[in-house]
Amino acid sequence: MMTPQLMQSIRLLQFTHTELERFIDDEIERNPLLERAEAPEDAPGDQFPKIETQGEANAAPSDDWFEGEAGWSSEAISEKLDTSLENLFPDDPGAVERMGPDLAMQWKSASAGSSSGGSSEGFDMEDMAAAAVTLRDHVGEQISFAFVDPAERLVASELTDWLDEAGYFRGEPVEIAGRFGVDEAFVLKVLASCQGLDPAGLFARDLAECLRIQLGRRDRLDPAMAALVDNLELLAKRDFQSLKRICGVDEEDLLAMLAEIRALDPRPGGGFVGGAADTIVPDVEVRQAADGSWAVELNPETLPRVLVDQVYFAEVTGRTKDQGERNFLSECLQNANWLTRSLDQRAKTILKVAAEIVRQQDAFLVHGVRHLRPVNLRTVADAIGMHESTVSRVTANKYMLTTRGVFELRYFFTASIASAEGGDAHSSEAVRDRIRQMIEEEQAADVLSDDAIVDILKKSGVDIARRTVAKYREGMNIASSVQRRREKRAIAGTAN
């Protein structure tokens, strides 16, 4: 069974830099024994190891590091400070004034601007965007009220971690059930309850289920509408005759149903992703060493450094006689020590995974995207002796700075396409790049069809099907050969 401490240790792996900073700030706010430690300016990266891919890498941290000491409070993990100064000091109207003249003036100015609906001179839109509620925060607040049973609440929190940016659930209930030691039916029950959270459509597993949840919330999921949702592929083909027959409605009713479908939100979680774009800060930096190897280092800017104030703990513990206060301080010390160890292991785990990715994709770093190897999560997990799910969490929303630019770690995991000559397989991303280049170089008189692209690729040793070429082309928003030929002729006619 997974303890709350184990759960939070796992979540630390998949936190982005911004999420991790926010979590650390919350912990420092509630734990008096924690404080930030600034890195020395002359040696910002000395506290953390680096790996050279041609040398012997640091020992891989085992999965045992998740097994922290018991005692990490689930309430302490989920508790958030969400209040104003008036709520903090409801019976003390002079609290703001005691902040000091400068801070009091800023507070009053900000309060006046917000109450009047206007904007003060010091209003910072970027600060407001940075403080926007994330999808995980929004769902987490609802989970704390929707689930009374601690086991259900714990599973619901895990399900939240598998939401994508659109709000769809991308996890496997069977795997989650095995991880928590419960039946799959229990996980599905919790998932069904999560689908009742706001906004409607969250935790759906596909578009049809997303629309079905929203229609059910509006009490509009009648048999005809259910039949329409079950046949979205016909709607995509605009096969209205078949839809009228399947749904048992006439043209007027079908048009009204389509209007209802268009009013739904296919991306219920998208509203929490918008706003000002965050600057990408790479978590790992890769540079070429003097001997030709690749030096893989952690970016010190993304590594929060936290210290445990042992002196303050000893001083306060020696003065207090109350057993309750002693227990509180002991818990704070235990949680602080766990956090520092977990952050250290998180850094080592990210470095280990990144170093293996660099080793696997050495040809890409040297020659470019055409030499990207087909690599999956299991390949990296087996090479470094970790579980596949651990690698998946480490590579989520993490970025690597290379000599060829900044890439998300998951960019390096691509599908395998067989070789037509029985040689090494080809990376799907490399094949996409070749298709893109061929289409960019074609002339109006010689526009390549999907079949022609298949023939060219097969001659160069890539065994690929026509439908795969069409899928890659559509994924890159490239029109069909008929449309491209028409556009090129129109451009040529205009030029003449």
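Author: Helices (H or I, at least four residues) are DSSP runs, numbered from the N terminus. The model is predicted, so local features need pLDDT of at least 70 and side-chain atom pairs pLDDT 80 or more, while totals for chains, interfaces and linings use all residues. Residues are numbered from 1 along each chain as its sequence is written, and side-chain values use heavy atoms, without hydrogens and water.

Reader: Why are α2 and α17 called roughly antiparallel?

Author: The axes of α2 (residues 17–30) and α17 cross at roughly 165 degrees and come within 13 Å. Angles over 145 degrees count as roughly antiparallel, and α2 and α17 are therefore described in that way. Their crossing is left-handed.

Reader: What makes the meeting of α2 with α17 a contact?

Author: Contact means heavy atoms within 4.5 Å. L20, F23, I24 and E27 in α2 meet L339, L343 and R346 in α17. By class, this contact has five nonpolar, no polar and two charged residues; Leu, Phe and Ile count as nonpolar, Glu and Arg as charged.

Reader: Which residues line the largest cavity, and what makes them lining residues?

Author: A cavity is a set of points on a 1 Å grid where a 1.4 Å probe fits but cannot get out, and lining residues have an atom within 4 Å of a point. For the largest cavity these are D283, L298, T302, L303, R346, A347 and I350. Helix α17 (residues 323–360) gives the most to this lining, with three residues. The lining divides into four nonpolar, one polar and two charged residues.

How values were computed: On a 1 Å grid over the protein atoms alone, a cavity is a set of points where a 1.4 Å probe fits but cannot get out, and a pocket is an open set with protein on both sides within 12 Å along at least five of seven lines; lining residues have an atom within 4 Å of a point. Helices (H or I, at least four residues) and strands (E, at least two) are DSSP runs, numbered from the N terminus. Axes are lines fitted to C-alpha atoms, for helices over the stretch in contact, and angles run from 0 to 180 degrees between N-to-C directions. Angles under 35 degrees count as roughly parallel, over 145 as roughly antiparallel, 65 to 115 as roughly perpendicular and the rest as oblique. A crossing is left-handed if the near helix is turned anticlockwise from the far one by less than a right angle, and right-handed if clockwise.
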